[in-house]
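The structure I consulted is shown first.

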Amino acid sequence: MYAQERQQSILATARSRGRVEVGLLAEEFGVTVETVRRDLTSLERLGVLRRVHGGALPVERLTLEPSLEARQTQFAERKRRIGARAVEELHEGDTVLLDSGTTTLAIAHALPPDLRLTVITNSIDIAAHLASRERTELMMLGGRVRRRTGAAVGEWLTRALTDVTVDVAFVGANGFTVEHGLTTPDQAESAAKRAMATAARRLVCVSDASKAGQVHLHRFAHTEDLALVISDDSLDDDTAQDFEDVGVEVARA
């Protein structure tokens, strides 16, 4: 098989599977991993694939942002477990930032009613869920509300967080890798998440394993900014080890 034919086949495979891995491609085509890496580099230069650790993603996957309604039905049990694990990081009297998202909403649902907390959020759904809790001091971040995610974004939000310091921020991500950190497709959403990350003494990424290896257009936190990644028990060992090798704790719920 000529290199061009092999690369066309690799691209078709990436688009059908959502990602490709170097080792598996080498086995399928009967070539060395170095040959596959060169193929992936060529395809990345053409702008049709994006290299990630251990493989590549089709560029179409990097720009997709599912609606809030779609995300609420995806991996609901995994998110419930992640939310329960995240609560273990909290202590009486903590000040907590909860990013908008279905996984952070699972954290809000998992919060013990008798735990005294100050919660700051840009999520309409999270605020509505916590508004009646007597032992939760709720602070709502304002701004333009994105219909796709139900998140407040914009200058009002980023300016409000300029002089704020919280004990812990739980943020979701559309993609997380050691090389590229935490990423998301939308620029305004990225700016909001970056402001939250900057305000936190301790930054925790909460994201199900389907986001591992994905890289989106806007990075809002570097890997070295992270204290902890909480994912589900389907997160692969290699990804977990990669984060732990650079000093980031990983918990699989």
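My entries on helix packing and strand pairing follow.

**Basis.** I worked from a predicted model, in which local features need pLDDT of at least 70, side-chain atom pairs count only at pLDDT 80 or more, and totals for chains, interfaces and linings use all residues. Residues are numbered from 1 along each chain as its sequence is written, and side-chain values use heavy atoms, with hydrogens and water left out. I took helices (H or I, at least four residues) and strands (E, at least two) as DSSP runs, numbered from the N terminus.

**Entry 1: helix 2 and helix 3.** I noted that two packed helices are described by the angle between their axes and the distance between the axes. Axes are lines fitted to C-alpha atoms, for helices over the stretch in contact, and angles run from 0 to 180 degrees between N-to-C directions. I found helix 2 (residues 22-29) packed against helix 3 (residues 33-45) at about 110°, with the axes 9 Å apart. Helix 2 is therefore roughly perpendicular to helix 3 (65 to 115 degrees; under 35 is roughly parallel, over 145 roughly antiparallel and the rest oblique). Contact means heavy atoms within 4.5 Å; here Val22, Leu25 and Ala26 of helix 2 meet Val33, Val36, Arg37 and Leu40 of helix 3.

**Entry 2: helix 1 and helix 3.** I next looked up helix 1 (residues 3-17), whose axis comes within 10 Å of that of helix 3 and crosses it at roughly 75°. These two helices are therefore also roughly perpendicular to each other. Arg6, Gln7, Ile10 and Leu11 of helix 1 touch Thr35, Asp39, Leu40, Ser42 and Leu43 of helix 3.

Entry 3: I found an open sheet of three strands in the order 1-3-2, with antiparallel pairing; two strands pair if DSSP finds at least two bridges between them. Its edge strands are strand 1 (20-21) and strand 2 (49-52). Strand 1 is joined to strand 3 (residues 55-58) by two bridges, and Val20 has Ala56 as its bridge partner in strand 3. Helix 3 packs on this sheet and touches strand 1, strand 2 and strand 3.

**Entry 4: strand 12.** Is strand 12 mostly covered or uncovered? I recorded strand 12 (residues 200-206) as mostly covered, with five of its seven residues buried (under 20% relative accessible area; exposed is over 50%, partly exposed in between, with a 1.4 Å probe and protein chains only). Five bridges join strand 12 to strand 9 (residues 166-171) in parallel, and Val166 is partnered with Ala200. Strand 12 also runs parallel to strand 14 (residues 228-231), with three bridges between them; Val204 stands opposite Leu228 there.
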